[in-house]
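Hi,

Here is the structure I said I would pass on. Have a look at it first, and then read my notes below.

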Amino acid sequence: LYMPMDFARSCNLGYAFINLVEASVVPRFRLAFSGYSSWRVRSSKICQVTWSDRDQGLKANMRRYRNSAVMHRSVPDEYK
């Protein structure tokens with residue numbers, strides 16, 4: 001899971017990347033999360049599941065974000 005954060009407001013930006021290791025779980029995941037809106041905090045956001053066209057797989061995403069500013073030692077671990 002990679003969930004970009006707004007550090008000033010301590011909240012997420014409204015999207016996340018999830019690396020599903022087994023392709024066979026994708027239909028069940030999509031069914032469970034498409035349209036989800038029962039958040040623990042008040043929000044009008046509705047979950048939309050999409051497929052990434054850019055990077056697929058853990059290794060590709062690790063390469064992409066390894067040198068990201070979010071990985072700097074000054075960024076609290078809970079945001080990494």
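Let me start with the pocket: which residues lie nearest the centre of the largest pocket, and how many residues line it? The lining takes in 44 residues, and the ones nearest the centre are Leu1, Tyr2, Ala16, Phe17 and Ile18. Before you get too attached to that, bear in mind that this is a predicted model. The volume of the largest pocket comes out at about 1,700 Å³. Sorted by class, its lining has 27 nonpolar residues, with 10 polar and 7 charged ones besides. Three elements, β2 (11–12), α1 (26–33) and α2 (58–65), each put at least two residues into that lining.

Now the overall layout. The protein has 80 residues, of which 16% count as buried. There are 2 helices and 2 strands, and from the N terminus they come in the order β-β-α-α. Along the principal axes, the C-alpha atoms fill a box of roughly 40 × 35 × 20 Å.

On to α2, where the two sides can be told apart. Ala60, Asn61 and Tyr65 are buried in this helix. Those residues sit on the same side of α2, because they cover an arc of only 120° around the axis. Lys59 and Arg63, on the other side of α2, are exposed. As a reminder of the geometry, an α-helix has 3.6 residues a turn, so residues three or four places apart point the same way.

Next, the charges. Side chains of opposite charge can pair when their charged atoms come close. The count here is 1 salt bridge, and the partners are Arg9 and Asp6, whose closest N and O atoms are 3.7 Å apart. That pair makes the list because the cut-off is 4 Å. Is Arg9 buried or exposed? Its relative accessibility is 60%, so Arg9 counts as exposed.

How many disulfides does the structure hold? The number is 0.

- Ser10 is in the loop between β1 (5–6) and β2. Its phi is near 55°, which is a positive value in a residue other than glycine.
- Tyr15 lies in the loop between β2 and α1 and is partly exposed at 42% relative accessibility.
- Ser24 belongs to the loop between β2 and α1 and counts as exposed, with 60% relative accessibility. Ser24 and Tyr79 are 55 residues apart along the chain, and their C-alpha atoms are separated by 29 Å.
- Ser34 is in the loop between α1 and α2, where it is partly exposed at 37% relative accessibility. The C-alpha atoms of Ser34 and Gln48 are 5.1 Å apart, although the two residues are 14 apart along the chain.
- Val49 is found in the loop between α1 and α2 as well. Is Val49 buried or exposed? With a relative accessible area of 17%, Val49 is buried, since the cut-off for buried is under 20%. From Val49 to Val26 it is 23 residues in sequence and 10.0 Å in space, C-alpha to C-alpha.

If you want one place to start, go to the pocket and look around Leu1, Tyr2, Ala16, Phe17 and Ile18, the lining residues nearest its centre. After that, α2 can be viewed with Ala60, Asn61 and Tyr65 as the buried residues and Lys59 and Arg63 as exposed ones on the other side.

Cheers

Note on methods. Residues are numbered from 1 along each chain as its sequence is written. This is a predicted model: local features need pLDDT of at least 70, side-chain atom pairs count only at pLDDT 80 or more; totals for chains, interfaces and linings use all residues. Side-chain values use heavy atoms; hydrogens and water are left out. A salt bridge is a side-chain nitrogen of Lys or Arg within 4 Å of a carboxyl oxygen of Asp or Glu. Buried means under 20% relative accessible area, exposed over 50%, partly exposed in between (1.4 Å probe, protein chains only). On a 1 Å grid over the protein atoms alone, a cavity is a set of points where a 1.4 Å probe fits but cannot get out, and a pocket is an open set with protein on both sides within 12 Å along at least five of seven lines; lining residues have an atom within 4 Å of a point. Grid points are joined across faces, edges and corners, and a volume is the space filled by probe spheres set on the points. Helices (H or I, at least four residues) and strands (E, at least two) are DSSP runs, numbered from the N terminus. Ala, Val, Leu, Ile, Met, Phe, Trp, Tyr, Cys and Pro count as nonpolar, Asp, Glu, Lys and Arg as charged, and the others, Gly among them, as polar. A disulfide is a pair of cysteine sulfur atoms within 2.5 Å. The arc is that of the directions from the helix axis to the C-beta atoms.
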